[in-house]
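This report describes selected elements of a single structural model. Please consult the sequence and the model alongside the text.

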Amino acid sequence: MSDDSFDFAPTPRRVLTDDVVDAIRNAILSGKIRPGARLIEEDLAASLKVSRGPVRQAIFRLQQEGLVVHEAHRGATVGQVSQDDVEEIYSLRLALERLAIEQASRKAGARELAEIEAVLDRFRATPRADMSRRLVAELDIDFHDAIFRAAGNWRLYRAWETLRSQLMMFLMLRDALPDDYPDSWHRDHVHLLGVIRGGDMALAQETIETHINRAKDRLLAILRASGRVSSTW
């Protein structure tokens, strides 16, 4: 990769707000704070033992990630997934991932490929008894994150970052992963890595398109079955 890759961008120093963002985000993604719930600054500040300032900043950042919405009559609330949301997010995801996998297939070296392989190694090292939907969802995000890093395009990676939290929420929906996910997830992602290693950019784009569209169709089927297609963020 060239010296202008995003690895050379400065790493921001963590502050208290970062920890508050992580805590609230994890509570949302784990289901401790449910979709549609109000986020009351005073209550969150008391729970996290911080002042209201970092909580207010954290809520604003989570709005930027798409996990939180601001309603004039209710204030900040946790977003709810709708069919339109899925269509919009996955159409944007597909555009970004097509570009990422094309650039990764063209530019990734041994280090970048090893970072993608490392996610698969973590999967293989996890005992089947310890496998969970949340773990696979986290590995899924990490795998695709590694592809974006391998693309070596800082601006593309930053665009991907805006989607990650919402995609994690989608994956954490009940049954958002197929029943055979311990086997199918590994098989599908080994195939993706093989395509990147092969360097065929057209095949890589075709493969990621099939991969993303299957994930979208599965999620839409879940929303229709649950009767939640009319909800909105």
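The sections below treat the basis of the model, a strand pair, a helix pair and one further helix.

## Basis of the model

The model is predicted: local features need pLDDT of at least 70 and side-chain atom pairs count only at pLDDT 80 or more, whereas totals for chains, interfaces and linings use all residues. Residues are numbered from 1 along each chain as its sequence is written, and side-chain values use heavy atoms, with hydrogens and water left out.

Helices (H or I, at least four residues) and strands (E, at least two) are DSSP runs numbered from the N terminus.

Strands β1 (residues 68-71) and β2 (residues 75-78) run antiparallel and are joined by four bridges; pairing requires at least two bridges found by DSSP. Glu-71 lies opposite Gly-75 of β2.

## Helix α5

Helix α5 (residues 110-125) has 16 residues, which at 1.5 Å a residue should span 22 Å, and the 21 Å between its end C-alpha atoms agrees with this. The expected span is 1.5 Å times one less than the number of residues.

Buried residues (under 20% relative accessible area, 1.4 Å probe, protein chains only) of α5 include Glu-112, Glu-117 and Phe-123. The buried residues of α5 pack against α6 and α8, contact meaning heavy atoms within 4.5 Å.

## Helices α6 and α8

The axes (lines fitted to C-alpha atoms over the stretch in contact, with angles from 0 to 180 degrees between N-to-C directions) of α6 (residues 133-151) and α8 (residues 181-198) come within 11 Å and cross at roughly 5 degrees. Helix α6 is therefore roughly parallel to α8, a term for angles under 35 degrees.

Terms used
Angles under 35 degrees count as roughly parallel, over 145 as roughly antiparallel, 65 to 115 as roughly perpendicular and the rest as oblique. Buried means under 20% relative accessible area, exposed over 50%, partly exposed in between (1.4 Å probe, protein chains only).
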